[in-house]
Amino acid sequence: MPPSSPFVVHNTKFHAILGDDPTLELLAENKDYPFAHEAGVFIESRNELFITSNRIQDPSGNQRVQITKIILDKPSASASGSDSSLVTCEELTVLIPMANGGVNYKDGVLICGQGSLDAPSGLYYMSSKPPYETELLTSEFHGRPFNSVNDVVIHSDGSIWFTDPTYGYEQGYRPPSRLPSQVYRFNPDEKSIRVMADSFGHPNGICFSPDEKVVYVTDTHWMHGSGTSDDTRASSIYAFDVMTYGGQPFLANRRLFAFADSGIPDGVKCDLEGNVYSGCGDGVNVWSSGGDLLGRILVDGGVANFCFGRDGEMFLLNEHRFWRVQLKGKNVRGALLGI
């Protein structure tokens with residue numbers, strides 16, 4: 001790649017992902033507030049996605065999060081005659097307190113509500129069509145309320161796995177925490193909840209490998225909710241093997257998978273080849289399944305979260321900006337949707 005390219009190669013295997021002439025394109029910008037922060041849930045049938053903003057604070061000190069639907073319009077000819085892609089951003093009025101991470105679920109979207117001082121943190125199901133009705137699926141661990149549920153992924157057996165750090169209390173919109181920072185598994189059919197992993201500073205992003213034999217969890221302890229950071233704290237991705245004992249899943253063989261040298265590894269996803277992508281302080285970093293840093297997609301200001309679209313398409317959430325990456329490698333597909 002030329003020196004000015006946003007695509008940085010650390011390992012020649014990254015060329016197989018990038019292919020010939022990958023592109024990075026700015027699709028939308030909102031200078032008024034950081035509208036593009038988390039979630040990134042792509043709805044293939046309608047070429048739309050849902051995103052959540054970073055915290056917005058009004059003059060009285062109240063905090064909220066805005067959910068936006070982005071409609072990815074078909075390419076059209078610009079005045080200059082070249083092709084350009086347009087998007088429409090539609091702000092939604094949805095009652096999910098401090099919405100954050102999300103994932104495709106059934107015919108709608110499952111969104112992590114971080115909660116507020118008077119509304120529970122938990123997993124909220126939202127219809128992907130107007131009027132965007134919502135339902136709270138779970139908000140507690142046997143009577144003890146969740147801290148501020150952050151990110152979520154669905155296993156093929158129907159179970160819901162999610163992270164629950166203490167950012168809400170640290171940022172002043174949740175009561176004092178009554179649970180450690182942990183990873184949970186929720187069975188929506190049986191309404192059962194289990195702790196799957198602990199000993200994190202701030203568990204954040206979560207995803208499965210394509211074969212679901214490994215689960216990856218990011219620890220963003222480097223950055224506390226107060227805005228302070230500490231280079232000696234974890235800014236890491238941990239890998240766990242998914243094992244079965246007594247007919248039930250357990251996580252074993254916890255190991256450090258990767259350390260992010262810039263900012264924190266926030267959202268995390270895999271492609272169908274098992275490569276691991278994470279939004280970091282300098283953009284998106286990509287590792288092989290063996291933990292080798294393959295390359296980076298540089299975005300000024302970093303990337304909190306992202307999602308795959310179709311055929312190697314990626315959508316990057318860069319706070320005030322929303323980007324599209326087109327990877328040109330053969331068979332580059334996101335593992336979540338496989339498209």
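**Reading side-chain contacts**

Modeller: Asp 230 has a relative accessible area of 27%, so Asp 230 is partly exposed (buried is under 20%, exposed over 50%, partly exposed in between, with a 1.4 Å probe and protein chains only). This is a predicted model, where local features need pLDDT of at least 70, side-chain atom pairs count only at pLDDT 80 or more, and totals for chains, interfaces and linings use all residues. Residues are numbered from 1 along each chain as its sequence is written, and side-chain values use heavy atoms, leaving out hydrogens and water.

Biologist: Which residue forms a salt bridge with Asp 230?

Modeller: A salt bridge is a side-chain nitrogen of Lys or Arg within 4 Å of a carboxyl oxygen of Asp or Glu. Here the partner is Arg 233, with the closest N and O atoms 4.0 Å apart. Arg 233 is buried, at 19%.

Biologist: How many salt bridges does the structure hold?

Modeller: There are 13. One of them joins Arg 296 and Asp 261 at 3.0 Å, N to O. Arg 296 is buried at 10% relative accessibility, whereas Asp 261 is exposed at 53%. Salt bridges also link Arg 46, Glu 48, Lys 69 and Glu 90 in a network.

Biologist: And how many disulfides are found?

Modeller: A disulfide is a covalent bond between the sulfur atoms of two cysteines; the cut-off is within 2.5 Å. The search finds 0. For Cys 112, the closest cysteine sulfur belongs to Cys 207, 14 Å away, so a bond is out of reach. Cys 207 is in no disulfide either, with the sulfur of Cys 270 at 3.9 Å.
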